[in-house]
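Welcome! Here is a short tour of a ligand and the spaces inside a protein. Please have a look at the structure first.

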Amino acid sequence: MLDNIPIIRGDGVVNGIVMDKAIVYNPGKISIPKIRLVPDRVSDEITRYKKALIDVKTQIELDQKSLIESIRESEADILQSHIMITRDPFFTEEVPQQIAQLRRNAEWIIMDRLNAVLDTFRNIDNIYLKERGRDIEDVSLRVIRRLTNQEGYALVRKLEGILVAKELIPSMIMYIDTDKIRGIVLEMGSETSHATILAKSLGIPVVIHAKGAVEKIESGERLIVDGDSGYVIPNPTKKFISEYKKIQNAYKKHQKTLAQASRLPAVTLDDVKITLNANIEIVPGAGLALHQGAEGVGLFRTELPFIIRNRLISEEEQYSIYKSLLKQFEKRPVTIRTLDIGGDKLLPFQESTPYLEANPFLGLRSIRISLLKPDIFRTQIRALLRASVHGRVKILLPMISSCEEMEKIIGIITEEKSELENLGIPFDKDVQIGAMIEIPSAALSADAIIMLCDFLSIGTNDLVQYTLAVDRTNENVAAYYIPENPAVLKLIHITASAAGKMGKPCAVCGELAGNTLFTPFFVGVGITELSMEPGLIPEVKKVVRNISKKHAARLAMELLAMKNVNRIKNTLKDFYAEVSGDIKARPGSSENTSSHYYSSGSSSPSSS
Ligand code: PEP
Ligand code: MG
């Protein structure tokens, strides 16, 4: 159906379908006056500039306050990094000095410097450094707008429809009113950019990487944006609109069914409980996670608050982030992973470690940095322990590769506990500690590692990478990244069995946890918890409720005996096809459907 229509194909980052008129936002280059100053004007110009800088800082603080009030605290963190930029010597010292030396107006100086900075950042590959460039640009443009009395982004409040732009900067997204802006299409952007993080929190469909959108789409024309497929369809025909309306209605219906499912428990047909948790990176993600039926947090990645602030964060700051997360989840368990920097998450403040390692994924990453720089680790552990009185913290240790490493790390945690105890600072004495199993050596030692801790959590993203020697970020070898490889399945089985034998929980928290094709396998090998992007929880729950543990175990054994990847893939698909229908009710329960499809003891649907 889509072949004859001029579709712009981007990447959907927030699901949903929206149909509305387009508003193309293409402001072009900001124009600035260029004025040479006579010597007497220099001091007035510096005063005018300093006032504008103070005004901008005050405005950012106000914006930040309004974000905090609307419980979007992590987005507020992004603005904290902008406030820091206003305090950068570039703004506080260099600009006034250059006004005096070059005798040029402030806008001219800032614009020249900004262009030089942007040129430098353009050639840098590191996404975090690039993001830093965006932040400097954002603040610089705010100051220039203030100096030239140009209307700021508040004008965005007046816009209505689907916003189409080359890219958005955080301070502009701040002003978006989601009652009026119903979707966003961007030519640029990355999943982890500050602008995308903010856009995601708006809860409207967002498509990024929509090449040529600004040129191809006219303001005022009708537009369909599909945040699932990443399709952007300008000027759709009547027939197409009606087709898409059907898809939209089906989507809404599907969402409703899933929302209903979110209130049902995640138990198999033979009453085995599988805990479904959410992976979240920012505190505001909590609301969405709870809405989708998350029973807790299976993975809170703590890197983002560091990345956003672009520096190491203090114990106090970390404490308040964790506390606010725990409060949102009340008594539900919240698994917080200690810093997993390095690899693809190189942070700009990592100066103290070799910055450019030949093989960063095999280098100083994650727990290795924690052991190399115990102060950073100890600070985080103290913040986590102190926060533990506000809810149910579970501490998760990433990239564990051996028992010795685990022993050393637990030794440090124990010392920090005693220290807090000596100081009379309260913390949850029973705080659980778990190891991430994401390296084959850890999976093969899972029986020994589980003796040292309370739970295991399998990070399949890395487990696949390290088992198959495939860089997870390298597109050239993407075809080699095959989670269905028999070796990966075996390692998952070994890990789950090791925990099961000790009667301890074993979770999966990598992307595979949200892949419904794998749900029966996980249940079958004895995984007790699955943690995923919140939006995937209802679909996974549907599968859990439609299978029996007994049957899933039989499927898992069949899969583990297979040597051929395609056969494994087909068996997973066949099984899924049979269990992915409507949610089945329990016989004799008050739930409202009535099949006993795949109850325990029914025959295996999979052929191996
Ligand atoms: C994983 O490796 O599966 C995981 C959950 O951790 P991350 O993706 O943050 O490395
Ligand atoms: Mg990992």
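## The shell around ligand 1

Helix H18 gives the most to the shell around ligand 1, with three residues. Helices (H or I, at least four residues) and strands (E, at least two) are DSSP runs, numbered from the N terminus. H18 covers 460-468, and together with strand E10 (297-301) it belongs to the elements that each supply at least two residues of this shell.

The model is predicted, so local features need pLDDT of at least 70 and side-chain atom pairs count only at pLDDT 80 or more, while totals for chains, interfaces and linings use all residues. Residues are numbered from 1 along each chain as its sequence is written, chains are lettered from A and ligands numbered from 1 in the order in which they are written, and side-chain values use heavy atoms, with hydrogens and water left out.

## Who touches the ligand?

How many residues surround ligand 1? There are 15, and the closest are Arg-301, Arg-337, Gly-459, Asn-461 and Arg-472. A residue counts as near when one of its heavy atoms lies within 4 Å of the molecule. By class, the shell has three nonpolar, four polar and eight charged residues. Here Ala, Val, Leu, Ile, Met, Phe, Trp, Tyr, Cys and Pro count as nonpolar, Asp, Glu, Lys and Arg as charged, and the others, Gly among them, as polar.

Some side chains make polar contacts with the ligand (pairs of N or O atoms within 3.5 Å). An N or O atom in the side chain of Arg-301 is 2.8 Å from a ligand oxygen. For the side chain of Arg-337 the distance to an oxygen of ligand 1 is 2.9 Å, and for that of Asp-462 it is 3.0 Å. The protein covers 99% of the 290 Å² of accessible area (Shrake-Rupley method, 1.4 Å probe) that ligand 1 has on its own.

## The largest cavity

The structure holds five cavities of 30 Å³ or more. A cavity is a set of points, on a 1 Å grid over the protein atoms alone, where a 1.4 Å probe fits but cannot get out; lining residues have an atom within 4 Å of a point. The space taken by ligand 1 is the largest cavity, with a volume of about 70 Å³.

Its lining has 14 residues, and Arg-301, Arg-337, Met-436, Glu-438 and Asn-461 lie nearest the centre.

## The second largest cavity

This cavity has a volume of about 60 Å³. Among its lining residues are Thr-338, Ser-366, Lys-373 and Phe-377. Helix H14 (374-387) gives the most to this lining, with three residues. The lining divides into five nonpolar, four polar and one charged.

Methods
Polar contact = N/O pair within 3.5 Å; in protein donor to acceptor, adjacent residues only side chain to side chain. 1 Å grid on protein atoms, 1.4 Å probe; cavity = no way out; pocket = protein on both sides within 12 Å on 5 of 7 lines; lining within 4 Å. Sits in = over half its atoms within 2 Å of the grid points. Points joined across faces, edges and corners; volume = space filled by probe spheres on them.
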